[in-house]
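We'll walk through its aromatic rings, its strands and its greasy middle, one piece at a time.

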Amino acid sequence: MRIHHLNCGSMGMGTVDHCLLIETRTGLVLVDTGFGLDSVRDPGRLVGPVRHLLGAKFAEHETAVRQIQGLGYNPADVRHIVLTHLDLDHAGGLADFPEATVHVHGPEFRAATAGRTTVERMRYRAAQWAHGPRWMVNELDGGEEWFGFRAVRDLPGLPPEIVVVPLAGHTRGHVGVAVDTGSGWLLHAGDAFYLDSEIFPARPHTPLFWQLYELNAVVQGAYRENRRRLVELNRAHGQEITIFCAHDPNAFERLSASTVRPAG
């Protein structure tokens, strides 16, 4: 396997849309898609007025499909997409990979399709999955443990090195995606936090702007508790696990500086 770090959507305050492209023995796997071609070409329909709040800077060359082509791959070889959640800036490129199986956590799938609250109706854009993706909905069903977190393993069609770690709060079914690189784990924590400083082992710190932004979490108590647990995870296992979020530009720059080549 080989892991590529992609920025699939530049936004306000210099933030990024950090996605992973994972080469496996049976094809390519995307962790999140960022914004897609339809988001760039018709942002009013695909993203809506939220694009102004995000400060989205749509660029076709940043879409996952164009970056995958730039790496010399066929986008049709993306066999699986694993989503941290279905927010419009994380699932905007689903239609660019119509044959891919899309793995989404059960509570997230149900929240996105039900749209129970005004905030949820704003953040989920059904147009992004109007093409009818091949959904593969995963559930905990007891689950197994991953460094003290309950986790979903044995995802159909995916290698055992890829694990879903539920981190509810930002949305009802938000998850992290953990990847065993052979020399340590990567944990893509999605929007469970926004800056590395929030999970520093010593004196974690959230700047005021992000404290206010985090008020949009759907389940506030779960959000705060899971961020606390990520701090503890970083403190106890930071030598074994590299934890990063979707939007921190510094983390993206650091991690994208080299391609991770897991054993096997």
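## Rings that meet

Tyr194, Phe209, Trp210 and Tyr213 are joined into a cluster by ring pairs. Keep in mind that what you're looking at is a predicted model. Across the whole structure, a search turns up 11 aromatic pairs. A pair of aromatic rings is described by how far apart the centres are and by the angle of the planes. Here are two of the pairs, side by side:

| Ring pair | Distance between centres | Angle between planes | Kind |
|---|---|---|---|
| Phe109 and Trp135 | 5.2 Å | 65 degrees | edge-to-face |
| Trp146 and Phe147 | 4.9 Å | 80 degrees | edge-to-face |

Why do Phe109 and Trp135 count as edge-to-face? Their planes are at 65 degrees, and the label applies to angles over 60. Phe109 lies in helix H5 (residues 106-114) and Trp135 in strand E8 (residues 134-138), so this pair ties together parts that are 26 residues apart in sequence.

The charged end of Arg229 sits over the ring of Phe149, 3.9 Å from the ring's centre.

## A strand with two partners

Now find strand E3 (residues 27-31). Is E3 mostly buried or exposed? Five of its five residues are buried, so E3 is largely enclosed by the rest of the structure.

E3 pairs with strand E2 (residues 18-24) in the antiparallel sense, over five bridges. The two strands form a hairpin, with two residues between them. With strand E5 (residues 78-82), E3 pairs in the parallel sense, over four bridges.

Ile22 stands opposite Val29 in E3, and in E5 the bridge partner of Val29 is His80.

Gly14 is partly exposed, with a relative accessible area of 46%. Pick out Gly142 as well: its C-alpha atom is separated from that of Gly14 by 39 Å, and the two residues are 128 apart along the chain.

## The greasy middle

In soluble globular proteins, nonpolar side chains tend to be buried together. Which residues touch the most other members of the largest nonpolar core? This core has 24 residues, and the answer is Leu30, Val78, Ile81, Leu86, Leu94 and Phe97. Two or more residues come from each of E2, E3, helix H4 (64-70), E5, E7 and H5. The largest share, three residues, comes from H4.

Zoom in on Leu30 for a moment. Leaving out residues up to four places away in sequence, Leu30 touches a list of residues including Leu6, Leu20, Ala64, Ile68, Val78, Ile81 and Phe97. Apart from this core lies another one, of 19 residues, with Leu187, Phe193, Ile199 and Cys245 among them.

Finally, back to H5, the helix that holds Phe109. Gly106, Glu108, Ala111 and Ala112 are buried in H5. What do the buried residues of H5 pack against? Their neighbours are strand E7 (101-105), helix H6 (118-123) and E8.

How values were computed: Residues numbered from 1 in each chain as written. Predicted model: local features only at pLDDT ≥ 70, side-chain atom pairs only at ≥ 80, totals over all residues. Heavy atoms only, no water. Buried < 20%, exposed > 50% of the residue type's maximum accessible area, 1.4 Å probe, protein only. Pairing = 2+ DSSP bridges. Phe/Tyr/Trp six-rings, centres within 6.5 Å; stacked < 30°, edge-to-face > 60°. Lys NZ or Arg CZ within 6 Å of the ring centre and 35° of its normal. Contact = heavy atoms within 4.5 Å. Core = buried A, V, L, I, M, F, W, Y, C linked by side-chain atoms within 4.5 Å.
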